[in-house]
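User: Could you take me through this structure? I would like to discuss a few strands, a helix and some charged contacts.

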Amino acid sequence: MSADLQLEADDMAVRLEEGIDLNDLRQSKEVILSLAEDQEQERNQDLLLDNDYFDPEDVLQNVFPEGEFDSDESESLFVRMGRNMHDVTGDGGVMKKILTQGVGSDLAPDALVRVHYNGYLEDAIEPFDSSRLRKTVKKFRLNKGEVFTGFDVAVNSMKKGELSRFLIKPEYAFGAMGCPPRIPADATLMYEIQLLSFVEKEGVDDYYSMTDEERRMLTFPKLRQVANSEKQEGNEYYRVNNFRRAVGKYRMAVRIIEDAHLKDYKEQQEQRKLLLKLYLNLALCCEKLGEVKHALYNCANAYRIEPKNAKVLYHYGKSYRMDMNFNMARSYLERAQRLQPNDSKLNQEIQELNKYERQCNEIEKETCRRMFSQPTGVTEDPAVEEAKRKARKKEECSPDFRKSVYGKLRELKEDTSIDELPMTTCQLSQPEISCILEIAEELDLDPVVRGTGQSTHMVVKKKKS
C-alpha cells in the first residue's frame, strides 16, 4: 500500500475483458490478455511517466544520430530527415518519426494535454523555443486553436509517453509571415515533442454550460465521465505538487458524483468506488498541506464507505498522529496492520507514531520536572504574592530546558526520517515558548501553533526546500 494517490495502489491489479482458460496455459496455447474497457482507460489516464527525457545539456545542441540520413550534401538536412519519416497529413505538411513508443489509446479530440518540446530551425545549433529550458510544461486543449496548426496535428497523432520528432512545413506553421524575430518567413520547423499526460475533457464543457435542472437530468455514466475528468486534472496538479489546486478539482468531482441519480446496485457500487478514491486523494492532499482537520474529515467520509480498507485506516491513523491524538492514531494503524501486516509504508508510519509519542512524552516529563522542582510556596501577604508572581513572569527559561529543547530540535533537523516534532505548550511559560521559537529560528525550522485553550500545542516542522 502506497502513501500516495489511490490510483497508484490500483495499478497492481486489473480486470480483464475475458477470463483465462487455464487449460490453454497448460497446453502452451497462445493467450491474448485484453483489459476491460474501463480498466484500459483508467490505466491510460493514471500511468506515471518519466518527465526527464531531455537532459538540459543535450537540449543546447541539436544532435542527430550518425548514419540516420544519407550523405547527399546537395540536399538540405530537413529534406534528408524527411525520407525516414511518416507523412501525418498526407501532403507532407507534417512528417513524423517516433523515437520512443507511447502507450494506451488515441487522444480524445478535445483532450487537455501536457507536453515538453524543443523547436529548431534548420541547421540551428540551439532551439529557438524549449519548454525544457524554461522548466515549464506546456499545457493546452487539442483542436481549440491554442497552438499553431502543425503543433496541434503533431500532438493529435501521439500516445501517452510517446517521444517523436516532427518536421512541420510553413503552411502548417507560421507561413509567409513567420514569427519575427525568432522564426523567419516560410520556415520549416523541427520539433521534438514528448506527450507527458492527458485528460479527456469530452462532455465537460457541455456540463458546465448546463442549468442545474439539466444537470439533474444527466445519467450516472455521463456524470461519472465529467467527475473522472476533474479527478484526472486533480492528479496532474498533485504530480507537480500543486496540492491546493488538486484539492479544488477533487472536491468538484465529489460534488458532481455524490448526488447522482442511480438506477441500480451496479451504479451504486461504481459511485462508492469513485467517491472512495476521491476522499482518499483529498485526505492525502490535506496531509501534504498540513490541514489536519480537513484530512480527518475526508478520512471519515472514506471510512463510512469502506471501514475495513487498509488504505483508509492508514490515512485515518496518520491524520490522527498529525493531530497529536496518539491513541486514536494507534487504534487505526494497528487495525490496518492486521489487514496488511507486511506493508512497509504502514509499518514505517507506526514507527513514526512511536517516535512522535516518545518525544512528546519526554518533553512533558521535562515540563513536569521543572514545575515540581520550583515550588512557589504560599503566603497570606497579597503584596508578597504579587511580587513573586511578577518575578516568575520575568524569569527566563532554565539552562536545562534550553538544552533539552535544543537537543530535540537539532535531532529533528538532522533526522531525515521525520519532518516535524510535536510540543505541548499549555503548561509552558511565555519565556519557555519564546525559547522554543528562538531555537527553531536559529535552526531554520518552522514552528506552527495548533488548537486553542488547554488543547493548544506547537508543531515544529522542517522548512520546505
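Analyst: The answers below concern a predicted model.

User: Which strands pair with β7, and in what sense?

Analyst: Strand β3, residues 112-121, pairs with β7 in the antiparallel sense over 10 bridges. Strand β6, residues 163-168, also pairs with β7 in the antiparallel sense, over 6 bridges.

User: Which residue of β7 is the bridge partner of V115?

Analyst: The bridge partner of V115 in β7 is L195.

User: Changing topic: what span does helix α11 reach?

Analyst: Helix α11 runs over residues 243-258, which makes 16 residues. From the first C-alpha to the last it reaches 22 Å, close to the 22 Å expected at 1.5 Å a residue.

User: And which residues of α11 are buried?

Analyst: The buried residues of α11 are F243, A246, V247, K249, Y250, A253, V254, I256 and I257.

User: K249 is a lysine on that list of buried residues. Which side chain does K249 meet in a salt bridge?

Analyst: K249 meets the side chain of E233 in a salt bridge, at 3.7 Å from N to O. E233 lies in helix α10 and K249 in helix α11, so this pair ties together parts that are 16 residues apart in sequence. E233 is buried as well, with a relative accessible area of 9%.

User: How many salt bridges does the count come to?

Analyst: The count comes to 16 salt bridges. One of them joins R224 and E270, whose closest N and O atoms are 2.4 Å apart. Because R224 lies in helix α10 (residues 220-239) and E270 in helix α12 (residues 265-289), the pair ties together parts that are 46 residues apart in sequence.

User: What about K318 and E287?

Analyst: The side chains of K318 and E287 meet in a salt bridge at 3.9 Å, N to O. K318 lies in helix α14 (residues 310-322) and E287 in helix α12, so the pair ties together parts that are 31 residues apart in sequence. Both K318 and E287 are buried.

User: Finally, which residues are linked in a network of salt bridges?

Analyst: R114, E236 and R239 are linked in such a network.

Terms used:
Residues are numbered from 1 along each chain as its sequence is written. This is a predicted model: local features need pLDDT of at least 70, side-chain atom pairs count only at pLDDT 80 or more; totals for chains, interfaces and linings use all residues. Side-chain values use heavy atoms; hydrogens and water are left out. Helices (H or I, at least four residues) and strands (E, at least two) are DSSP runs, numbered from the N terminus. The expected span of a helix is 1.5 Å times one less than its number of residues. Buried means under 20% relative accessible area, exposed over 50%, partly exposed in between (1.4 Å probe, protein chains only). Two strands pair if DSSP finds at least two bridges between them. A salt bridge is a side-chain nitrogen of Lys or Arg within 4 Å of a carboxyl oxygen of Asp or Glu.
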